[in-house]
Structure formats: structure tokens, C-alpha cells
Amino acid sequence: MIRTPMPAGRKRIITVVTVILAIAGYTWWSHERHVENPKDRMVPSWSQMVEGFERVSRVDEDDHARWIVADAKATAQRLVIGLAASVALAFVLGILMGCFHAVEAACLWWVSALAKVPPTSVIVVIFMAVGTGMELYAVVIAVGVMPILTESVFLLVRDVPDEMLWKAETLGASRTEVVWNVITRMVAPKFVDNVRLQFGPAMVYLIAAELLCAYVGFGYRINKFARQTHMDVVFVYVLALGLFGFAVNWLLTEFRNRAFPWYQKGGR
Amino acid sequence: MATSQFVLQCEGVHKSFGPKPVLHDVSLNIAAGQIVALVGPSGCGKSTLFNGILGTHAPTRGRVVVGRNGHEHVVAGPNRHCGIVYQHYALYPFLTVLESVAFGLMLDETSLLFRAFRPLKWRKLRSEHLDRAAAALRRVHLTDADFGKYASELSGGMQQRVAVAQAIVMRPQILLLDEPFGALDEATRESLQTMLLEFYEENRSAIARGAAPPHTMVIVTHELTEAIYVADRVLGLSQYWDWRSEGHAACPGATIVYDRPAPVYRPGEPKNYEQFAVQREEIRKVVFEPPTPTPRGLHVTFWDDVQAGRASGITATNGGTP
């Protein structure tokens with residue numbers, strides 16, 4: 001039956017089994033490739049990946065830096081700045097659009113149109129406009145993520161029942177207090193969820209920009225080693241990106257649950 | 001009765017949505033301490049009138065005035081003077097039961113700037129608000145064990161009690177209840193009806209002490225028995241009236257066609273179902289049945305009944321001047 005409840009323990013077992021199956025499948029695939037060609041690097045073995053990790057984590061003689069540390073630092077910095085700017089702008093603009101029809105009339109068309117433009121297609125335009133500094137990555141992430149987040153906040157605000165707003169006014173709330181004490185608090189946990197879901201696309205846009213324009217960062221390093229078919233290094237970076245994404249997702253979920261306990265208890 | 005004694009006055013209220021007329025010349029006066037039930041057929045415009053009184057949908061013509069004794073003001077939007085209780089509660093999901101009731105006190109008695117820049121004073125005031133909120137919750141029969149729960153953790157009846165406490169703690173001039181018990185089971189409904197009778201009892205006690213009655217309410221309901229039981233006055237809004245006799249070619253909208261006293265019950269007093277049946281039948285014929293349009297003034301006799309001593313509620317005990 002659809003949505004038949006399942007014990008939490010059984011769910012965990014299924015998750016672990018699928019992970020083990022994936023690891024086993026990859027190990028078998030890599031083994032098969034290495035039987036045919038012991039030097040194969042397209043599907044590296046686990047030991048090759050360990051070697052790849054050692055290679056990127058020791059201090060490079062030319063750069064005098066550990067590549068993976070330097071790349072992680074550069075990528076994380078770009079991501080945090082780009083995403084923070086997008087999140088702040090989207091939240092404020094979305095709230096204003098949802099609350100005031102004049103702001104909606106002025107901005108919704110632009111936001112909707114921007115949301116339809118693939119940000120990777122305008123990287124070159126952004127590159128011409130702002131150069132290759134931090135601004136490039138922040139703008140690429142903003143173009144990719146901000147319009148969708150803004151639209152989502154706008155729709156969340158519109159979903160707040162009128163009765164709740166009217167009631168706040170009967171309780172003596174000013175217009176600012178209705179926005180701050182009711183709308184913002186109603187929207188916030190769902191917005192955190194939307195940011196969590198947009199984190200993946202933000203990484204995609206950033207890596208794409210780094211592939212094209214950067215001299216340090218995960219995208220740059222993946223591109224460089226992929227051209228040399230050093231998949232042992234590429235896979236290390238992909239794994240690091242996956243773990244990073246997983247950690248951010250977990251952190252945001254924890255933040256949402258702790259900051260908005262009512263939401264976790266089924267309040268909507 | 002002096003105009004200044006009325007808490008709510010609707011003066012010739014008309015409302016149209018585009019070319020479609022909904023309300024026609026609705027005029028009514030409600031005195032302090034009354035509990036008035038508003039009944040009418042589905043789609044007759046009860047919610048429109050309700051929203052007009054609340055201020056969310058301004059009348060096309062006419063005006064609504066709330067307040068008394070020199071503090072009257074024309075309603076132009078939802079405001080502090082009108083409390084509201086909705087059928088589906090409209091509780092804020094991010095607040096606990098206690099916070100929900102203290103929420104209005106916070107909004108009404110402090111500002112964002114005060115809360116941000118006077119943290120010590122705000123902390124002291126907050127504690128006082130929480131005490132007042134707790135007292136209001138106990139009045140609607142909620143216990144301290146419920147105070148820390150969120151709305152999503154409460155039953156429908158408990159949520160409605162919180163909504164009522166949230167409104168009465170603000171001491172509004174008038175409290176509007178929009179089908180407040182419509183989504184509740186029979187037992188919960190009866191217990192909440194008794195709660196309204198307790199509020200009415202508080203009004204009577206206040207008048208006996210020479211004080212102003214604290215609760216004036218308008219309750220919209222579909223249940224005629226409920227209307228007669230909890231209210232001291234029943235208003236019928238209907239589109240079924242003899243508009244042709246006033247020279248209209250088409251129905252110009254619903255208006256008040258029934259306004260009569262209802263028997264007053266004390267909390268726990270057994271219901272007289274025979275008395276209910278007579279008034280229910282009268283209301284059904286006048287308000288709900290289309291085939292026999294009625295001249296609209298025929299059953300709008302509440303204030304005449306009060307003057308003639310045919311009413312038994314608060315207005316009667318004070319000779320029409322609560």
C-alpha cells in the first residue's frame with residue numbers, strides 16, 4: 001500500500017545495503033577494467049584513488065601549496081559569498097514581492113525571465129562585465145540561484161493565509177510587525193529547505209564557472225586532471241564535493257530543526 | 001437608547017462585487033455586552049458583512065462604526081477594536097499556546113524598536129504578558145500542561161479555545177466569531193457553547209456591579225439551535241425579502257430580515273427544545289425559505305421588543321442602556 005509505515009531501523013538497513021551494493025558494484029567494475037588493462041585510470045581502483053588523494057594533499061613543489069586545501073578554500077569561499085548574497089537578496093525581494101503588489105508588478109517579470117536563463121550560458125557575458133575575480137563567481141551563482149529562490153519566497157508569502165495577517169492587525173500589529181513577526185516567521189523554515197535544495201545547483205554553476213575561468217578551485221582541478229585522464233584525482237575531488245554537499249545539507253537540516261522546532265512538529 | 005451606547009453600528013451598508021450586489025442597506029446597532037448570532041442561507045453575504053465589520057472589505061456605500069462613549073471610529077481596516085475568531089482557528093504555527101495568547105499583548109503594547117533597544121524593560125513586560133496570557137487560557141479551561149504545546153499538537157477544540165483566549169485577552173470592543181464551532185464534534189461544540197454562556201454571565205455580573213460588560217460578540221453560525229442557545233439576539237440576513245415592494249427590478253442584495261431576542265440561558269441550564277423549535281421554525285420561514293418573500297421590516301423588531309419588555313437579555317435588564 002502507498003505510504004505504508006516502515007520501522008526506522010528497517011529504513012536504515014535498506015540505505016546501508018544500497019550503499020554497500022554501489023561500492024561492491026564499483027569495485028567489481030574497476031576490477032574487470034584492470035584485468036583487461038592493469039594501468040587503466042578511467043575507472044580507478046581504491047588503491048589508485050588513495051594514491052590520487054596523497055598526490056593532491058601533499059605540498060606541491062611548484063605551487064608550494066596542498067592542492068586540495070587550496071582548491072577547497074577557494075571554492076568554499078566563492079560558494080559562501082555567492083550563495084549568501086543570493087539568499088539575502090532573494091529573501092528580502094521575495095518577501096517584498098509577496099507583500100506589496102507594486103513591488104510584485106515591478107519585479108516578478110524580471111525575476112521569472114531570469115529564472116529561465118541557464119546561468120552557464122551567460123558566464124562569458126558575466127566574465128566580460130565583471131572580470132575573473134570573486135565577483136564573477138558570486139554573480140554566476142546569483143544569476144542561477146537567486147531568481148528561483150526569490151520566486152519560491154514570493155510564492156511562500158502568498159501562501160500565508162489572509163486570516164493570519166488580518167488577525168495580527170486585530171491584535172495591534174503594525175504593517176512592519178505583520179511582515180516581521182508573522183510573514184517572515186511563517187516563511188523562514190520553508191526558505192531554509194529551498195536553500196538546501198538550491199545548494200546543489202549553486203555548486204553546479206560554480207564548478208562550471210571554475211572550469212572555464214579559474215586557476216584554483218575544484219572546477220579548475222577537475223578539468224585539468226580530466227584532460228589528462230587522471231580519474232584517480234578527479235574521483236577524489238568528486239567525492240570531496242559530494243561529502244561537502246552532504247555536510248551542508250545536514251547542517252541546514254539541523255539548523256532548520258533547531259531554529260524552527262514547530263516546523264518539525266508538523267506546523268505549517 | 002443613546003447612540004453612544006452602541007458598540008457596533010452598521011449604517012446603510014451596501015456591498016457589491018463588480019455588477020453583482022451582495023448586501024443592501026444593512027443597518028444594525030449592537031449594544032455592549034450582547035452576544036448576537038448572525039444566521040442566513042449559504043451565499044447570502046454573511047461573510048461579506050462580517051468582513052465589512054472587520055474592515056477587510058470596505059462597504060460600497062454606508063459605514064461601520066465601532067466603539068462607544070466618545071471613542072467611536074469608522075472602520076477602515078482590521079484594527080485593534082475588533083477581535084476575530086475564525087472557524088479554522090488561524091493560530092500561528094510558530095508560537096506555543098502561551099506565546100500565542102501573549103502575542104497580541106506584545107504587538108499591542110510594545111514596538112519593534114522597544115523590543116530591540118529596551119531589552120531589560122521588554123523582558124519584565126514579557127513576563128507580565130505571559131502571566132496575563134496564562135490567566136486568559138485558564139479562563140477558557142486550558143491547563144498549564146497545554147501551555148508549551150504548538151497549535152499542531154492540539155485538538156480542534158483546544159485550538160479554538162486558544163483562539164478565543166487570544167482574542168479576549170486583548171479586550172476588544174467587539175469580538176467576531178466566524179462559524180467558530182463549525183469544524184468541531186458535538187461534545188466539544190457544547191462545551192465551547194457553555195464557555196460563551198460563561199462570558200455572558202460575566203457581562204451580567206459586570207452590569208450588576210455597575211461596570212462595563214467586558215464581552216460583546218457577533219457569532220456567525222449555520223446552526224439555528226446554537227444561535228438561539230448562545231445568543232441573546234438573533235439576526236437573520238437573507239436575499240429572500242420583498243424587494244419588489246421597494247421598487248427594485250432585481251434583488252439588490254441581502255439585508256437584515258430577522259432581528260429578535262433569543263432566550264437567555266445560564267451555563268449548565270437545561271435547554272428548552274420546545275422553545276427552540278418555535279423560534280427555529282420562525283427563523284426558517286423568514287430567513288431561509290424563498291417562496292414567501294417577506295417585507296424586510298416585519299420581523300426586525302429587537303429594539304421594539306426590548307422597549308416592550310419582551311427581551312430577557314442584558315439590554316432588557318438595563319432598560320436598553322447597558
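A crossing of two helices is left-handed if the near helix is turned anticlockwise from the far one by less than a right angle, and right-handed if clockwise. The model is predicted: local features need pLDDT of at least 70, side-chain atom pairs count only at pLDDT 80 or more, and totals for chains, interfaces and linings use all residues. Residues are numbered from 1 along each chain as its sequence is written, with chains lettered from A and ligands numbered from 1 in the order in which they are written.

**View 1. Overall trace of chain A.** Chain A contains 11 helices and zero strands (DSSP runs numbered from the N terminus: helices are H or I, at least four residues; strands are E, at least two). Its C-alpha trace spans about 75 × 55 × 30 Å along the principal axes.

**View 2. Crossing of H5(A) and H6(A).** Helix H5 (residues 123-130) and helix H6 (residues 134-159) of chain A pack at about 140°, with axes 9 Å apart. H5(A) is therefore oblique to H6(A) (under 35 degrees is roughly parallel, over 145 roughly antiparallel, 65 to 115 roughly perpendicular, and the rest oblique). The crossing of the two is right-handed.

**View 3. Residues between H5(A) and H6(A).** H5(A) contributes A:Ile123, A:Ile126, A:Phe127 and A:Val130 to the contact, and H6(A) contributes A:Glu135, A:Leu136, A:Val139 and A:Val140 (contact: C-beta atoms, placed from the backbone, within 7 Å).

Key
Axes are lines fitted to C-alpha atoms, for helices over the stretch in contact, and angles run from 0 to 180 degrees between N-to-C directions. Two residues are in contact if their C-beta atoms, placed from the backbone, lie within 7 Å.
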